[in-house]
Amino acid sequence: MSAYAFLGAGEFEVWHADVDGSLLDGRSGPVLVFATASAPEGEDVYQGWVDKGLAHYADAGIEAVAPALRTREDAHDPAIVSQVDEAAMVFFSGGNPAYLAKVLLGSPVWDRIRHRIADGSLAYAGCSAGVACLSDPTFDSDTDDAEHVWAPGLGHFPATLFAPHWDIVETWIPGAQAFITAATPVGGSLVAIDERTAVVGDGTQWSVHGVGGVYLHRDGRWLGEYRAGDRWELAMPVGGVAPAAG
């Protein structure tokens with residue numbers, strides 16, 4: 001049973017319908033759409049992602065709700081924790097990975113998400129910021145200063161650095177691919193994901209969906225390039241016990 005889907009970009013579009021199905025198979029409850037990472041961009045942007053997510057799942061006949069998770073205070077709301085308890089899947093869409101990690105880290109909402117992923121009852125999907133936040137450090141997309149681009153992440157996968165938007169990051173900042181590759185954790189892995197491309201799996205066994213590629217860097221070299229239909233193996237150990245809520 002798939003537990004994770006990591007999308008490089010292009011959330012809430014028809015191309016990842018099979019990904020949704022893979023994550024929901026064998027699970028009951030709604031999908032929780034979290035546009036948290038876009039909250040600093042203003043209410044119109046935040047609500048735009050919420051609306052797009054709810055419409056995507058409505059079109060597919062899948063029940064979905066969008067809890068108002070904008071701030072760290074919201075991540076301590078018992079009502080949202082209860083919604084996590086009833087969900088089949090959470091989906092964190094794009095925005096600023098560092099902001100998303102700051103909202104979630106050590107919170108009751110994140111604590112509950114981690115425990116339910118661990119027991120197999122909840123699937124996690126993320127796109128862009130919703131993927132990058134799982135590393136530690138992660139990216140602060142509000143800065144163009146290379147000395148300040150790294151910020152604390154969730155560290156859910158402490159030995160893995162995720163790099164979404166891989167096929168276009170050079171158009172944003174020349175040299176970005178080399179800069180990110182150099183930050184691959186010692187003894188760990190970089191998983192770089194093109195836009196409109198997803199990595200789906202259980203924490204060890206993975207498959208690729210979508211139109212682009214997924215690239216694995218480890219031990220100072222590129223080990224693989226994977227395309228739609230490819231299956232590959234990479235153990236991504238989860239970091240420790242879920243943190244105490246605080």
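The legends below accompany close-up views of a predicted model.

**View 1. Overall dimensions of the chain.** The chain is built with 8 helices and 14 strands. Its C-alpha trace extends about 45 × 35 × 35 Å along the principal axes. A compact globule of 246 residues would have a radius of gyration near 18 Å, and the 16 Å of the chain agrees with this. Of the 246 residues, 53% count as buried. The accessible surface comes to about 10200 Å², and carbon and sulfur atoms account for 53% of that area. Among contacts between residues at least 6 apart in sequence, 70% join residues at least 24 apart.

View 2. The pLDDT averages 94 over the chain, and 97% of the residues score at least 70. Over residues 241–246, by contrast, the pLDDT is below 50. Beyond near neighbours in sequence, this stretch has 16 contacts in the model.

View 3. An open sheet of 8 strands is arranged in the order S3-S2-S4-S5-S1-S10-S11-S14, with mixed pairing. Strand S3 (64–65) and strand S14 (231–233) stand at the edges; each has a single partner strand, so one side of each is left without a neighbour in the sheet. In general, strands of a sheet pair through backbone hydrogen bonds, in either a parallel or an antiparallel manner.

View 4. Strand S11 (residues 205–210) and S14 run antiparallel and are joined by 3 bridges. Within this pairing, Ser 207 stands opposite Arg 231 in S14.

**View 5. Surroundings of Phe 162.** Phe 162 belongs to strand S8, which covers residues 160–163. With a relative accessibility of 0%, Phe 162 counts as buried. Leaving aside residues up to four places away in sequence, Phe 162 touches Phe 6, Val 131, Ala 132, Leu 134, Ser 135, Phe 139, Phe 157, Val 191 and Met 236. For orientation, a separation across the model may also be given: Gly 106 is 56 residues from Phe 162 in sequence, and their C-alpha atoms are 21 Å apart in space.

Conventions
Residues are numbered from 1 along each chain as its sequence is written. This is a predicted model: local features need pLDDT of at least 70, side-chain atom pairs count only at pLDDT 80 or more; totals for chains, interfaces and linings use all residues. Side-chain values use heavy atoms; hydrogens and water are left out. Two strands pair if DSSP finds at least two bridges between them. Helices (H or I, at least four residues) and strands (E, at least two) are DSSP runs, numbered from the N terminus. pLDDT is the predictor's confidence in each residue, from 0 to 100. Contact means heavy atoms within 4.5 Å. The radius of gyration is taken over C-alpha atoms; the globule rule is 2.2 Å times the number of residues to the power 0.38. Buried means under 20% relative accessible area, exposed over 50%, partly exposed in between (1.4 Å probe, protein chains only). Accessible areas come from the Shrake-Rupley method with a 1.4 Å probe; for residues, only the protein chains shown count as cover.
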